[in-house]
Amino acid sequence: MARRLRPVDVDFVRSAPVRLVFAREIAAPPEPVFRALAEDVAGWTEWFSAVTLARPTDGGAGREVRLRGGTRFAETILVSKAPEAYAYRVDETNAPGARALVEEWRLVPAGAGTRVQWTFAADGPPVFRAALRLARPGIGKAFRDAVTALDRRLAR
């Protein structure tokens with residue numbers, strides 16, 4: 001059953017009780033990385049293996065995302081500033097425990113490539129927060145695998 005989460009703004013990525021921050025440098029320059037994140041939403045299924053469906057909603061102001069295992073998200077885009085930042089808030093999900101969730105992607109030039117930083121900011125009851133902290137290594141691996149696959153895709 002889907003539940004509404006607390007509406008938070010992009011500043012939540014700095015104040016959330018749980019902040020998981022991951023970064024990796026890739027060869028692709030920031031512009032195509034940004035386009036893959038923000039403009040080719042449906043393409044996420046081709047490089048982020050946990051994502052089984054991604055599509056824009058509300059004329060591009062939102063997204064619908066489904067993950068392996070059946071987790072679903074209805075999201076609102078908070079920031080889409082090419083080629084630097086892309087952030088979205090989860091408004092509704094069937095994931096248990098979450099009370100607020102924002103994800104932010106920051107892109108910084110790194111030589112000819114890009115330093116991709118992903119912040120996963122969340123709030124929920126203590127058990128939810130503890131579970132996220134314990135899941136950090138797996139979430140980090142999913143991020144690294146995804147941006148590596150994205151880099152390969154953009155090199156084609």
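Reader: Which residues touch the most other members of the largest nonpolar core?

Author: Trp44, Tyr86 and Trp105 do, in a core of 39 residues. Helix H4 (residues 126–155) gives the most to this core, with eight residues. A word on the source: this is a predicted model, where local features need pLDDT of at least 70, side-chain atom pairs count only at pLDDT 80 or more, and totals for chains, interfaces and linings use all residues. Residues are numbered from 1 along each chain as its sequence is written, and side-chain values use heavy atoms, with hydrogens and water left out.

Reader: What makes a set of residues a nonpolar core?

Author: The set holds buried Ala, Val, Leu, Ile, Met, Phe, Trp, Tyr and Cys residues joined through side-chain atoms within 4.5 Å. In soluble globular proteins, nonpolar side chains tend to be buried together. A second, separate core has seven residues, including Val8, Ala100, Val102 and Ala121.

Reader: Why is Val102 called buried?

Author: Buried means under 20% relative accessible area, exposed means over 50%, and partly exposed lies in between (1.4 Å probe, protein chains only). Val102 has 0% relative accessibility, so Val102 counts as buried.

Reader: Where is Val102 found, and what does Val102 touch?

Author: Val102 is found in strand S7 (residues 100–110). Strands (E, at least two residues) and helices (H or I, at least four) are DSSP runs, numbered from the N terminus. Contact means heavy atoms within 4.5 Å.

Author: Leaving aside neighbours within four places in sequence, Trp44 is in contact with Ala36, Leu37, Val51, Ala54, Arg63, Tyr86, Tyr88 and Trp105. Ala36 and Leu37 are among the buried residues of helix H2.

Reader: What makes helix H2 mostly covered?

Author: Helix H2 spans residues 30–39, and seven of its ten residues are buried. They are Pro30, Pro32, Val33, Phe34, Ala36, Leu37 and Ala38.

Reader: Why is Glu84 called partly exposed?

Author: Glu84 has a relative accessible area of 34%, so Glu84 is partly exposed. Glu84 lies in the loop between S5 and S6. Leaving aside neighbours within four places in sequence, Glu84 is in contact with Phe34, Trp105, Arg106 and Leu107.

Reader: What kind of peptide bond joins Ala82 and Pro83?

Author: The bond is cis, with omega about -15 degrees. Pro83 lies in the loop between strand S5 (72–81) and strand S6 (85–93).

Reader: Why does Leu53 count as partly exposed?

Author: The relative accessible area of Leu53 is 30%, so Leu53 is partly exposed. Leu53 lies in strand S3. Leu53 and Val65 are twelve residues apart along the chain, and their C-alpha atoms are separated by 5.5 Å. Not counting residues up to four places away in sequence, Leu53 touches Thr45, Glu64, Val65 and Arg66.

Reader: Why does Asp58 count as exposed?

Author: Asp58 has 67% relative accessibility, so Asp58 counts as exposed. The place of Asp58 is in the loop between strand S3 (51–57) and strand S4 (62–67). Asp58 also has a positive phi of about 50 degrees, although Asp58 is not a glycine.

Reader: How do you know that the protein chain agrees with a compact globule?

Author: The radius of gyration is taken over C-alpha atoms, and the globule rule is 2.2 Å times the number of residues to the power 0.38. With 156 residues, a compact globule would have a radius near 15 Å; the protein chain has 15 Å, so the two agree. The C-alpha atoms fill a box of roughly 40 × 35 × 30 Å, taken along the principal axes.

Reader: How many helices and strands does the protein chain have?

Author: The protein chain has four helices and eight strands. Along the sequence, the pattern reads β-α-β-α-α-β-β-β-β-β-β-α.
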